[in-house]
Amino acid sequence: MKRLKHILLLTGMCFHILNCGSGVETNGSDNPPPDDIVQLNAFSLGSEYPADMVIPDIEGMRNTAFIGTDGLALGVLAVNLDTLKISSEFQGLDATPNNLASVLSYARDVEILSPDLALFLGGTGIVSFNPTSGEVYQALAFDQEILLQDPIELSRTVNGEDTISGNFLPSFADHVAVVGDKVFISMSNRFSDEEFKSYFVQGMVKVFELQNNQLVPSDPSYQLLPGFNPTGLTVYQNKLYVTLTGATEFAGVGQVPLTDSKIIKINPENLSIEGEINLGKVAASYSSLAITDQGRAFIGSAAFSEVYEIDLNSLEVIHGEDKPLMVSEITDDYIVDQEIHPDGDRLFVSSFNNNFVRAFDLSDPNQALEETIWNFDLEANPGLTGAGAIAFRLGKVGVDFIGHDLMVLTGNPGTLSTALTLF
């Protein structure tokens with residue numbers, strides 16, 4: 001995920017203060033796509049900025065999208081992808097009751113582990129629940145301070161200090177990932193000074209263990225990271241990869257990166273850091289890495305219309321700050337999400353500012369940007385709607401299901417829209 005969030009949650013949750021220029025129409029080509037390439041607002045959500053979408057690769061759940069919604073619709077909606085209506089098999093989660101809403105504060109991430117267990121992460125807490133029945137197992141607030149063993153860094157000097165020590169309350173949970181019986185949660189640790197200017201405290205991941213469908217603090221209960229603003233978490237070959245977006249600030253219509261973005265490789269068994277990849281000042285996006293079967297990983301930018309490639313086997317940067325893959329010619333952009341097509345030959349990315357999805361041809365040595373543009377502008381809301389989290393239906397079009405294969409969340413208004421990528 002992926003991620004659409006509210007304006008006040010400035011760490012990875014701020015689409016709609018960015019410039020959301022009007023989308024680009026599908027351009028002419030020798031083989032133009034069919035007229036029904038995109039179905040806008042296939043399902044209308046009650047959340048202006050839906051946070052996340054998961055289509056689980058789990059028996060009996062592959063035709064359902066679980067969508068994390070925010071605001072007055074706080075919770076997890078289960079949508080049947082065959083009918084594009086609320087599922088009759090899965091209840092999802094209603095998190096609007098105060099005992100849940102007060103724990104979560106706002107929506108961030110969804111993790112579906114089985115028909116009987118799922119996690120819904122908010123900015124200030126997490127809920128474990130049964131996605132079939134809607135039963136809540138636990139609502140856990142992140143309200144426990146930790147005693148820092150050593151001083152940790154600030155992204156800039158604040159009141160004459162560049163480190164903090166002693167008791168510390170991690171803040172702004174962003175992403176959740178599960179490896180075995182361990183649950184990892186990235187904490188962005190964003191704060192504001194007396195002049196309301198933002199700064200970041202050195203990033204960390206909180207660590208829990210799953211016991212009887214509930215989260216219990218692990219020992220140790222956190223791991224410090226060598227940088228700022230940890231956001232997306234990715235599990236690959238039983239290792240945990242943490243995206244450090246880096247400290248950013250808003251200027252004009254977009255974000256300006258202040259510190260380097262990094263990808264950190266962690267051994268989930270002992271929490272040791274096994275590798276670090278420096279991407280430079282690129283404001284790496286807040287969603288999980290898109291990874292091919294060969295270990296090629298891709299991540300977009302939350303500030304520029306660019307995508308970066310790394311090799312997870314060698315921990316080398318292939319396309320970095322100096323040689324990015326360009327999505328469009330605009331200066332400011334927010335690449336919300338990136339996903340590998342199930343066939344493994346194309347990388348799809350969603351641009352919130354352009355309101356479109358585009359694809360790179362991974363079979364081409366130059367990773368050429370394909371001509372087709374999947375446009376998600378809503379005519380009744382010109383220049384405002386933005387494409388967000390994306391996910392592919394599992395299986396083959398026309399064999400395992402009928403209809404569109406790409407699911408796209410939009411923000412303002414919040415919709416589940418769909419697209420056809422094979423024609």
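Trainee: In what order do the 4 strands of the open sheet lie?

Mentor: This is a predicted model, in which local features need pLDDT of at least 70 and side-chain atom pairs count only at pLDDT 80 or more, while totals for chains, interfaces and linings use all residues. Residues are numbered from 1 along each chain as its sequence is written, and side-chain values use heavy atoms, with hydrogens and water left out. Strands are DSSP runs of E with at least two residues, helices are runs of H or I with at least four, and both are numbered from the N terminus; two strands pair if DSSP finds at least two bridges between them. The pairing in this open sheet is antiparallel, and the order is S32-S33-S34-S35.

Trainee: Which strands stand at the edges of the sheet, and why is one side of each left without a neighbour?

Mentor: Each edge strand has a single partner strand, so one side of it has no neighbour in the sheet. The strands in question are S32 (335-340) and S35 (374-375).

Trainee: How many bridges join S32 to S33?

Mentor: S33 covers residues 346-351 and runs antiparallel to S32. Within this pair, Ile335 has Ser351 as its bridge partner. The number of bridges joining S32 to S33 is 5.

Trainee: Which residue in S35 does Phe356 stand opposite?

Mentor: S34 and S35 run antiparallel and are joined by 2 bridges. The residue of S35 opposite Phe356 is Asn375.

Trainee: How many of the 6 residues of S34 are buried?

Mentor: Buried means under 20% relative accessible area, exposed means over 50%, and partly exposed lies in between, using a 1.4 Å probe and protein chains only. S34 (residues 356-361) is largely enclosed by the rest of the structure, because its count of buried residues is 5.

Trainee: What is the volume of the largest cavity?

Mentor: On a 1 Å grid over the protein atoms alone, a cavity is a set of points where a 1.4 Å probe fits but cannot get out, and lining residues have an atom within 4 Å of a point. Grid points are joined across faces, edges and corners, and a volume is the space filled by probe spheres set on the points. The count is 1 cavity of 30 Å³ or more. The space in the largest cavity is about 50 Å³.

Trainee: How many residues of its lining are nonpolar, polar and charged?

Mentor: The lining includes His341, Pro342, Asp343, Arg393 and Phe401. Ala, Val, Leu, Ile, Met, Phe, Trp, Tyr, Cys and Pro count as nonpolar, Asp, Glu, Lys and Arg as charged, and the others, Gly among them, as polar. The lining divides into 4 nonpolar, 2 polar and 4 charged.

Trainee: Is Leu154 buried or exposed?

Mentor: Leu154 is found in strand S12 (residues 152-158). Leaving out residues up to four places away in sequence, its contacts (heavy atoms within 4.5 Å) include Ile164, Tyr199, Phe200 and Phe228. At a relative accessible area of 9%, Leu154 is buried.

Trainee: Where is the cis peptide bond that ends at Pro413?

Mentor: Pro413 lies in the loop between S37 (406-411) and S38 (415-419). With omega about 5°, the cis bond joins Asn412 and Pro413.

Trainee: What is the phi of Asn229?

Mentor: Asn229 sits in the loop between S20 and S21 (230-236). Asn229 is buried, with a relative accessible area of 0%. Its phi is positive, in a residue other than glycine, and is near 65°.

Trainee: Is Leu315 buried or partly exposed?

Mentor: Leu315 belongs to the loop between S29 (306-311) and S30 (316-319). Leu315 has a positive phi of about 55° although it is not a glycine. With 23% relative accessibility, Leu315 counts as partly exposed.

Conventions:
On a 1 Å grid over the protein atoms alone, a cavity is a set of points where a 1.4 Å probe fits but cannot get out, and a pocket is an open set with protein on both sides within 12 Å along at least five of seven lines; lining residues have an atom within 4 Å of a point.
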